[in-house]
Amino acid sequence: MTVVPPPADAPTRLLTPEFWILAASTSVYFLGIGSLNVLVPTYVVDELGGSEATSGFVMGSMAVTALLARPWFGRMADRRGARDIIAIGAALACLSVLILAIDSSLAGAFASRLVMGAAGAGTFTGSMMLSMDIAPESRRAQAGAYILISFHVGLGVGPIGAEPILDATSYRTVWLIVSALAAVSFVIALALPNRRRPIDDTPPGPLVHRSAILPGLVTLFGVCAFNGLLQFAPLYAREIGLDDVGIVFTIASLTIVFVRLVFGRVPDMVGPIRAGSWALVLTAFAAAVVAFWAEPAGLYVGAALLACGLSLQSPSFMTLAIEGVSDRERGSALATYTGFFDLANAIIGPAVGLIVVGFDYRVAFLTAGSMSLVALAILRLLVAPRRMGAQAASLAITR
């Protein structure tokens with residue numbers, strides 16, 4: 001096994017061969033996993049006899065294991081290198097989808113999503129950490145944005161290919177294909193050099209890193225609208241007369257790819273606080289569009305606007321989470337930060353499902369969108385002053 005130590009100096013170029021291999025591994029991974037977002041909700045309702053609330057609990061159950069596994073993956077990445085946990089995540093994803101193929105029951109669907117939670121924790125944490133390791137410090141937000149593009153390329157293309165395959169074959173065939181794609185992602189990940197940290201007496205990073213808590217809280221509330229739409233679009237589409245829901249995922253993914261390619265450096269240029277604030281306001285507006293424009297066109301426009309907001313949210317808040325954190329604790333900080341995505345998934349699926357059952361989709365989407373304003377308040381009232389204080393203290397020490 002080739003072990004490559006982290007570079008002593010920051011790299012001068014972002015799009016290196018190593019970066020492209022990382023992007024390829026994550027794209028293939030999410031090409032398969034992305035299809036699950038559009039197929040599992042209908043599978044639970046149509047094939048397994050569950051309700052919309054049951055579907056929300058199944059989709060959100062993966063957040064439990066993701067939340068538990070992510071801190072340990074972060075520590076492992078700090079010590080063993082990010083490549084190993086990317087490979088472990090792909091292997092677990094392969095196992096997760098095989099469970100769906102073998103056990104056609106609600107219990108099997110829950111078990112599959114629980115394993116998928118750990119898989120996603122490893123892949124996402126490892127990929128984001130490695131992108132930060134190989135990027136110039138002044139371009140870390142852009143590096144994160146580009147790797148997130150590779151996620152969303154898969155998430156957008158996966159549903160388009162999955163639905164025709166399902167129409168021509170069966171759910172079991174689709175599950176086997178998705179499992180094979182996860183295996184391919186595993187093989188590609190093994191081609192990455194392992195940037196293992198030198199082993200010494202330095203204590204490992206904390207399981208919960210303080211620097212990432214407030215940015216994580218902003219993310220927790222900020223992604224409610226997008227995640228709510230993502231999880232319930234297949235069921236909501238039926239209510240508004242849309243037959244091909246895959247196009248909604250494609251619009252969202254292509255929008256994210258476009259915004260991050262064209263505006264990927266915006267958080268680095270204008271600052272993460274300002275860029276994140278714009279993103280949260282846009283997210284709240286987009287959720288209102290989906291809620292009040294209950295037609296296919298409204299869902300298309302709302303999905304595009306929500307994707308615009310998300311495109312600037314994640315790179316901005318991720319940069320805040322690792323700002324001032326040493327290289328030896330970056331995995332821990334990223335694991336803590338990304339753990340708030342898991343917490344959001346655990347809460348949003350069941351909460352939106354219960355609101356839909358008790359009220360309707362309009363109330364559910366408006367409630368999810370209003371959470372972006374809560375995120376904006378935390379960002380401006382708590383995160384921004386703390387950041388300004390830390391920058392002032394750092395400047396005083398340099399002088």
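## Ser 104 and its surroundings

Leaving aside residues up to four places away in sequence, Ser 104 touches Tyr 43 and Leu 48. The model is a predicted one, and within it Ser 104 is found in the loop that lies between helix H3 (82–102) and helix H4 (106–133). The residue is exposed: its relative accessible area is 56%, and exposure is assigned because this value is over 50%.

Ser 104 can also be related to Val 44. In sequence the two are 60 residues apart, while their C-alpha atoms are 9.7 Å apart in space.

## Leu 312 in helix H12

Leu 312 lies in helix H12, which covers residues 296–322. Is this residue buried or exposed? With a relative accessible area of 15%, Leu 312 is buried, since the limit for that class is under 20%.

Not counting residues up to four places away in sequence, Leu 312 touches Phe 263, Val 266, Pro 267, Ala 275 and Ala 279.

## Packing of H1 against H6

Helix H1 comprises residues 17–47 and helix H6 residues 171–189; the two pack at an angle of about 160 degrees, and their axes are 9 Å apart. H1 is therefore roughly antiparallel to H6, the threshold for this description being an angle over 145 degrees. H1 passes H6 in a left-handed crossing. Sorted by class, the residues in the contact of H1 with H6 are 18 nonpolar, five polar and one charged.

## Packing of H3 against H6

How do H3 and H6 pack, and what angle do they form? The angle is about 165 degrees, with the axes of H3 and H6 8 Å apart. These two helices are therefore roughly antiparallel to each other, and the crossing of H3 and H6 is left-handed.

On the H3 side, the contact is made by Arg 83, Ile 86, Ala 87, Ala 90, Ala 91, Ala 93, Cys 94, Val 97, Leu 98, Leu 100 and Ala 101. H6 contributes Arg 172, Trp 175, Leu 176, Val 178, Ser 179, Ala 182, Ala 183, Ser 185, Phe 186 and Ala 189. By class, the contact of H3 with H6 has 17 nonpolar, two polar and two charged residues.

## The nonpolar core

The largest nonpolar core has 114 residues. Which residues have the most contacts inside it? They are Ile 33, Leu 36, Met 116 and Trp 175. H1 supplies the largest share of this core, namely 12 residues.

Met 116 touches Tyr 29, Ile 33, Leu 36, Met 62, Ala 93, Ser 96 and Val 97, with residues up to four places away in sequence not counted.

## The chain as a whole

The secondary structure of the chain comes to 14 helices and zero strands. Read from the N terminus on, the elements run α-α-α-α-α-α-α-α-α-α-α-α-α-α.

The chain has 399 residues, of which 58% count as buried. Among contacts in the chain with a separation of 6 or more, 86% are accounted for by residues 24 or more positions apart.

How values were computed:
Residues numbered from 1 in each chain as written. Predicted model: local features only at pLDDT ≥ 70, side-chain atom pairs only at ≥ 80, totals over all residues. Heavy atoms only, no water. Axes fitted to C-alpha atoms, helices over the stretch in contact; angles between N-to-C directions. Helix = DSSP H or I, 4+ residues; strand = E, 2+ residues; numbered from the N terminus. Parallel < 35°, antiparallel > 145°, perpendicular 65-115°, else oblique. Left-handed = near helix turned anticlockwise from the far one by under 90°. Nonpolar A, V, L, I, M, F, W, Y, C, P; charged D, E, K, R; others polar. Core = buried A, V, L, I, M, F, W, Y, C linked by side-chain atoms within 4.5 Å. Buried < 20%, exposed > 50% of the residue type's maximum accessible area, 1.4 Å probe, protein only. Contact = heavy atoms within 4.5 Å.
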